[in-house]
Amino acid sequence: MADLRVATYRVTGGYDIHIQEAGDPAATPLVFLHGSGPGASGASNFRQNIDAFVGAGYRVILPDLIGYGSSSKPEGIDYTLQLFTDTVYEALLAHGITGASMVGNSLGGGIALLLTLDHPEFTRNLVLMAPGCVAPRESYFVMPGIAKMVSNFGGPDFDLAEQKRLVSNLVHPDFAPNITDTLVAERFAVARTQPKDVLVRMRTPDLSPRLAEITQPIMVLWGLNDEFCPEAHARIFLDHCPDVRALTFGRTGHWVQVERAAEFNAYAIDFLDARR
């Protein structure tokens, strides 16, 4: 994998946001925003994609969201979508990024949408994999994947086996045997530093009424068997956004960029190259 350069920025509230990047610093910037869940981080969520995008001539930017990776993990606060968005946006500006294409998975997709709505001049286009925040928060709680994610995360009994189960829930059963011990260990190391508030006090709005405001080109990619953000939500984008295309993958869960890495890389690069 390409060597990753590291930087950390202090943002409003006294929080530190950690950013890794790869590729030519003069190349077109591409910001990857990871999803939620115990142990998530920018690099671990997109490890199978970094080299392909660097090879295609992009500068790959990998922030760790507040509460995740090596970024600050405050306790006793609500983890709102606005907090995630504002802190990562401020860190990107400090990193010298004044405009970029956005790639977001799950919660990261919701952040990419809100950042685009708040700062439309910043976003060039969007690649979204099963983005969240396009339906009422309560509707996600009835999804079977959310029920399977109930765990002893944050407690003394949380162990590697439980971490592996949680990661495996994100993918289709066909792919689960491909989850490596290295990935599980990497996420477990992060999860042990996270407070429960990261998940139990996460607050996300329904952005679907505002999607028509987004005029940038959008590609949405979804696993047909996603148990967290239903594939039917792709239609929300098709119905509301003026410039959108959608791809659905059979026998694929919540992690299109992992489960279908080669195809995802090819489709996303073609989409971005055409609009570079």
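## Starting from one residue

Which residues does Met-129 touch, not counting residues up to four places away in sequence? In this predicted model, Met-129 touches Phe-46, Val-103, Gly-104, Asn-105, Ser-106, Leu-221, Gln-257 and Phe-264. Met-129 itself is found in strand β7.

Met-129 and Gln-257 are 128 residues apart along the chain, yet their C-alpha atoms are separated by 7.4 Å. Is Met-129 buried or exposed? Met-129 counts as buried because its relative accessibility is 0%, and the cut-off for buried is under 20%.

## The whole chain

Now let us step back. The protein chain contains 12 helices and 10 strands. Its radius of gyration is 17 Å, close to the 19 Å that the globule rule gives for 276 residues, so the chain is as compact as a globular protein of that length. If you draw a box along the principal axes, the C-alpha atoms fill roughly 50 × 40 × 35 Å.

Of the 276 residues in the chain, 57% are buried. Look also at the contacts with a separation of 6 or more: 74% of them are accounted for by residues 24 or more positions apart.

What does the chain show on the outside? It exposes about 10,800 Å², and carbon and sulfur atoms supply 52% of that area.

Helix α8 covers residues 181-191, and its buried residues are Leu-183, Val-184, Arg-187, Phe-188, Val-190 and Ala-191. These residues cover an arc of only 160° around the axis, which puts them on the same side of α8. An α-helix has 3.6 residues a turn, so residues three or four places apart point the same way.

What do the buried residues of α8 pack against? Their partners are α1 (42-45) and α7 (160-169). On the other side of α8, Asp-181 and Thr-182 are exposed.

## A buried residue in a loop

Is Leu-207 buried or exposed? With a relative accessibility of 5%, Leu-207 counts as buried.

Leaving aside neighbours within four places in sequence, Leu-207 is in contact with Leu-81, Gly-110, Leu-113, Leu-114, Leu-117, Cys-133 and Val-134. Take Gly-110 from that list: Leu-207 and Gly-110 are 97 residues apart in sequence, and 8.0 Å apart in space from C-alpha to C-alpha.

## Two residues with positive phi

Ala-130 has a phi near 45°, a positive value in a residue other than glycine. Ala-130 is found in the loop between β7 (123-129) and α5 (137-141). At 1% relative accessibility, Ala-130 counts as buried.

Arg-251 also has a positive phi, near 50°, and is likewise a residue other than glycine. Its loop lies between β10 (244-249) and α11 (256-259). Is Arg-251 buried or exposed? Arg-251 is exposed, with a relative accessible area of 55%, whereas Ala-130 is buried.

## Around helix α6

Helix α6 spans residues 144-148, and Ala-147 lies in it. Ala-147 is exposed because its relative accessible area is 52%, and exposed means over 50%. Ala-147 and Glu-227 are 80 residues apart in sequence, with 9.6 Å between their C-alpha atoms.

Asn-152 is in the loop between α6 and α7. Asn-152 is partly exposed, with a relative accessible area of 31%. Which residues is Asn-152 in contact with, leaving aside its neighbours within four places in sequence? They are Asp-157, Phe-158 and Glu-162. Asn-152 and Lys-196 are 44 residues apart along the chain, and their C-alpha atoms are separated by 9.6 Å.

Conventions: Residues numbered from 1 in each chain as written. Predicted model: local features only at pLDDT ≥ 70, side-chain atom pairs only at ≥ 80, totals over all residues. Heavy atoms only, no water. Buried < 20%, exposed > 50% of the residue type's maximum accessible area, 1.4 Å probe, protein only. Helix = DSSP H or I, 4+ residues; strand = E, 2+ residues; numbered from the N terminus. Arc of directions from axis to C-beta. Contact = heavy atoms within 4.5 Å. Rg over C-alpha atoms; globule rule 2.2 N^0.38 Å. Areas by Shrake-Rupley, 256 points an atom, 1.4 Å probe, with all protein chains shown as cover.
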